[in-house]
Amino acid sequence: MNEAPLYSQNNILQRHDALHVLKHYAKLVKWKYDVEERVLDVGCGDGNVTADILLPFLPENVEKIVGIDISNEMVEFANKYHSNEKVKFIQGDISAKELIDEVDEEFDHIFSFFCLHWIQNQRMDSDQSANAQDRKSNGKKREIPIQVIADKYYSIQ
Ligand SMILES: C[S@@+](CC[C@H](N)C(=O)[O-])C[C@H]1O[C@@H](n2cnc3c(N)ncnc32)[C@H](O)[C@@H]1O
């Protein structure tokens, strides 16, 4: 899935479903309105869902949204058309053993739309997502709210 322009013209289903899921479930996310928070979007693809659909659901205290995708082409397209002062996109494999430095920083909430079913080693993926959050809480275990919102959607209906 590398052809970003083609994907961006044909992801109406993903956009529709992401919007639908966020309308129903974004209110369940436990935001900390009094401190700055950071959001990671795993498998951001062309960046459209991250910037145009996810971003409007995030409260003001979210200071940074990072979309990560394994595909360089997707990330280049996303940065060209969907980055702004809050949103940026980086290339990286979420199932890689060592998270790349930029993802190794801290995130409070992790979303993912239509990505995790592409990842074979899902255990490692979810462990790493949890680790990325644990670092923010200085190693203390934290509840992970609805990060994988759309991927979980069909299992929680
Ligand atoms: C169907 S697209 C979804 C894109 C976007 N989230 C959306 O809803 O439109 C799935 C994306 O997951 C990315 N992906 C697949 N395996 C990945 C991995 N191991 N790490 C990061 N991204 C990955 C693909 O490159 C692709 O852009």
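Figure 1. Lys-32 is exposed because 11 other C-beta atoms lie within 10 Å. Lys-32 belongs to the loop between α2 and β1. Its C-alpha atom is separated by 9.2 Å from that of Asp-108, and the two residues are 76 residues apart along the chain. The structure is a predicted model, in which local features need pLDDT of at least 70 and side-chain atom pairs count only at pLDDT 80 or more, while totals for chains, interfaces and linings use all residues. Residues are numbered from 1 along each chain as its sequence is written.

**Figure 2. The order of helices and strands.** The protein has six helices and four strands. Helices (H or I, at least four residues) and strands (E, at least two) are DSSP runs, numbered from the N terminus. Read from the N terminus, the elements follow the order α-α-β-α-β-α-β-β-α-α. Of the 157 residues in the protein, 33% are buried. Contacts are counted here between residues at least 6 apart in sequence, and 75% of them join residues at least 24 apart. Two residues are in contact if their C-beta atoms, placed from the backbone, lie within 7 Å.

**Figure 3. The sheet of four strands.** The four strands form an open sheet in the order β3-β2-β1-β4, with parallel pairing. Strands β3 (87-91) and β4 are the edge strands, and each pairs on one side only. From one strand to the next, the twist averages 25°. Axes are lines fitted to C-alpha atoms, for helices over the stretch in contact, and angles run from 0 to 180 degrees between N-to-C directions. Two strands pair if DSSP finds at least two bridges between them. Strands β1 and β2 (residues 62-69) run parallel and are joined by six bridges, and Leu-40 stands opposite Val-66 in β2. Strand β1 (residues 37-42) also pairs with β4 in the parallel sense, over four bridges. Here Val-42 stands opposite Ser-112 in β4.

**Figure 4. The two faces of strand β4.** Strand β4 covers residues 109-112. His-109 and Phe-111 point one way from this strand, whereas Ile-110 and Ser-112 point the other way, and all are buried.

**Figure 5. The largest nonpolar core.** A nonpolar core is a set of buried Ala, Val, Leu, Ile, Met, Phe, Trp, Tyr and Cys residues joined through C-beta atoms within 7 Å. The largest such core has 27 residues, of which Val-39, Leu-40, Val-42, Ile-68 and Ala-78 touch the most other members. Two or more residues each come from α2 (12-25), β1, α3 (48-54), β2, α4, β3 and β4. Helix α4 gives the largest share, four residues. This helix (residues 72-82) lies across β2 and β3 and runs at about 165° to β3. Leaving aside neighbours within four places in sequence, Val-42 is in contact with Ile-68, Ile-94, Ile-110, Ser-112 and Cys-115. In soluble globular proteins, nonpolar side chains tend to be buried together.

**Figure 6. Gly-67 in strand β2.** Gly-67 has its place in strand β2. This glycine is buried because 28 other C-beta atoms lie within 10 Å. Not counting residues up to four places away in sequence, Gly-67 touches Asp-41, Cys-44, Gly-47, Thr-50, Ala-78 and Phe-89. Gly-67 and Asn-79 are twelve residues apart in sequence and 9.5 Å apart in space, C-alpha to C-alpha.

**Figure 7. The shell around the ligand.** The ligand is surrounded by 21 residues, and the closest are Gly-43, Gly-45, Ile-94, Phe-113 and Cys-115. A residue is near a molecule if its C-beta atom, placed from the backbone, lies within 6 Å of it. The shell consists of 13 nonpolar, six polar and two charged residues. Ala, Val, Leu, Ile, Met, Phe, Trp, Tyr, Cys and Pro count as nonpolar, Asp, Glu, Lys and Arg as charged, and the others, Gly among them, as polar. At least two residues of the shell come from each of α2 and β2.

Figure 8. Phe-114 is found in the loop between β4 and α5 (122-136). This residue is not a glycine, yet its phi is positive, about 55°. Most residues other than glycine have a negative phi. Phe-114 counts as partly exposed because it has 16 C-beta neighbours inside 10 Å.

Technical notes. A residue is buried if 20 or more other C-beta atoms lie within 10 Å of its own, exposed if 12 or fewer, and partly exposed in between; C-beta atoms are placed from the backbone.
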